[in-house]
Amino acid sequence: MSLHLHRVATFSASILIGGLALTACGANEAADSGSGDSAEGGATIALLLPESKTTRYEAFDKPLFEAAVAELCDDCTVDYYNADQDEAKQQQQVTTALNAGADVLVLDPVNGAGATGMVSEAQGQDVPVIAYDRFIAGADYYMSFDNETVGQLQGEALVEAMGDEGNILMLNGAPSDPNAAQFKAGAHSVIDESGLTILEEYDNPDWSPENAQQWTTDQLSKYDASEINGVYAANDGQAGGVVAALTGSGVALDALPPITGQDAEIAAIQRILAGEQAMTIYKPIPIEAETAAEVAVYLANGEDVPDTTETGVDQTEYEGVASFIFDPIIVTAENVADTVIADGFYDASDICTGDYADDCEAAGIS
Ligand code: GAL
């Protein structure tokens, strides 16, 4: 997988041209261990991500954020923490980050509602908090994609693929994740008005692919696979679990029902090209990570955050918190080339490996 950091470079150049005083001088020492070591003198930015089973976090969010901070601020340090879906661990990581002298927290909470205490703890020490990707009430800033639209796009694609009739299973995200409720609401707004029947619905407590596979396998003891005409899976990790459960019960790969997803994980793009998944949602993470880095550097240096960022995003408000909201993009076999590949999110060679080479050719991807 290749990360196309030219975006970061372009962004940084525009900041220099814009003449903004974002960059302080000194040694560029990015700590990556979460040990809390900070470079002498420069600001410390703590990046706290929720889990690592969804590939986006460590493959995109973390490296893109670190690269953007390094471009914007020579002597800033990024301390990175991953909570592995464990709220108590994330709480400890917040305390560790604050004790290590973090000047700003960029926090993607395991539990959105549970993280308000972490925000108070930080703000009590005059450390601002950016709620990254998932909303936290009382945060100083929030940035995410339009999550209700994500759910709507998923629901519409499923209805379209199924021809407006048939039975579905519905796998939502973790109830502790505020985005999951928005994806679910968006999807229901479409599915409930359609001719589809929801056989069973499940809020997967940790988003895990394994749990999605187990739950789907359990449903297959109640329903014959032929009765399941489609599956709403809120993200690609879960879609992978659904495919494993269905094929494990004897459904042939070319006889899978339409299955949705989200995150444009490489395995999902391959399944889409092979006809094993109907769609995914591509959230261009560079814009999210780079906007977060820009706002974090302003805050860490005690500067005002502009109404429109250098990444070109206008500030709005969400539930009383200053926010930056980005647009999600639907991906089907028809537009893989025009979206994730044209954008440089993936190279064709990342996707068109092994047996997928033929599928790529059929889709005109080379
Ligand atoms: C959501 C996020 C998705 C996906 C999911 C699983 O909050 O918006 O992109 O990563 O969590 O962790």
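Mentor: For side-chain classes, Ala, Val, Leu, Ile, Met, Phe, Trp, Tyr, Cys and Pro are nonpolar, Asp, Glu, Lys and Arg are charged, and the others, Gly among them, are polar. The model is predicted, so local features need pLDDT of at least 70 and side-chain atom pairs pLDDT 80 or more, while totals for chains, interfaces and linings use all residues. Residues are numbered from 1 along each chain as its sequence is written, and side-chain values use heavy atoms, without hydrogens and water.

Trainee: How do the residues lining the largest cavity divide by class?
Mentor: A cavity is a set of points on a 1 Å grid over the protein atoms alone where a 1.4 Å probe fits but cannot get out, and lining residues have an atom within 4 Å of a point. Of the 14 lining residues, Tyr 57, Arg 134, Asp 177, Trp 207 and Asp 263 lie nearest the centre. The lining divides into three nonpolar, four polar and seven charged.

Trainee: Which domains each supply at least three residues to the lining of the largest cavity?
Mentor: Domain bounds come from an automatic or database domain assignment. The lining draws at least three residues from each of domain 1 (3-145 + 284-326) and domain 2 (147-283 + 329-362).

Trainee: Is Trp 207 buried or exposed?
Mentor: Trp 207 sits in the loop between strand E7 (196-203) and H7. Phi of Trp 207 is positive, about 65°, although the residue is not a glycine. Buried means under 20% relative accessible area and exposed over 50%, with partly exposed in between (1.4 Å probe, protein chains only). Since Trp 207 has 5% relative accessibility, the residue counts as buried.

Trainee: And Asp 126, buried or exposed?
Mentor: Asp 126 also has a positive phi, near 60°, in a residue other than glycine. The residue lies in the loop between H4 and E4. Because the relative accessible area is 70%, Asp 126 is exposed.

Trainee: What distance separates the C-alpha atoms of Pro 128 and Ala 102?
Mentor: Pro 128 lies in the loop between helix H4 (116-123) and strand E4 (129-132), and at 16% relative accessible area Pro 128 is buried. Beyond four places in sequence, its contacts (heavy atoms within 4.5 Å) include Asp 103, Val 104 and Leu 105. Ala 102 is 26 residues away along the chain, and the C-alpha separation is 9.6 Å.

Trainee: How far apart are the end C-alpha atoms of helix H8?
Mentor: H8 covers residues 236-248, 13 residues in total. The expected span is 1.5 Å times one less than the number of residues. That gives 18 Å, which agrees with the end-to-end separation of 18 Å.

Terms used:
Helix = DSSP H or I, 4+ residues; strand = E, 2+ residues; numbered from the N terminus. 1 Å grid on protein atoms, 1.4 Å probe; cavity = no way out; pocket = protein on both sides within 12 Å on 5 of 7 lines; lining within 4 Å.
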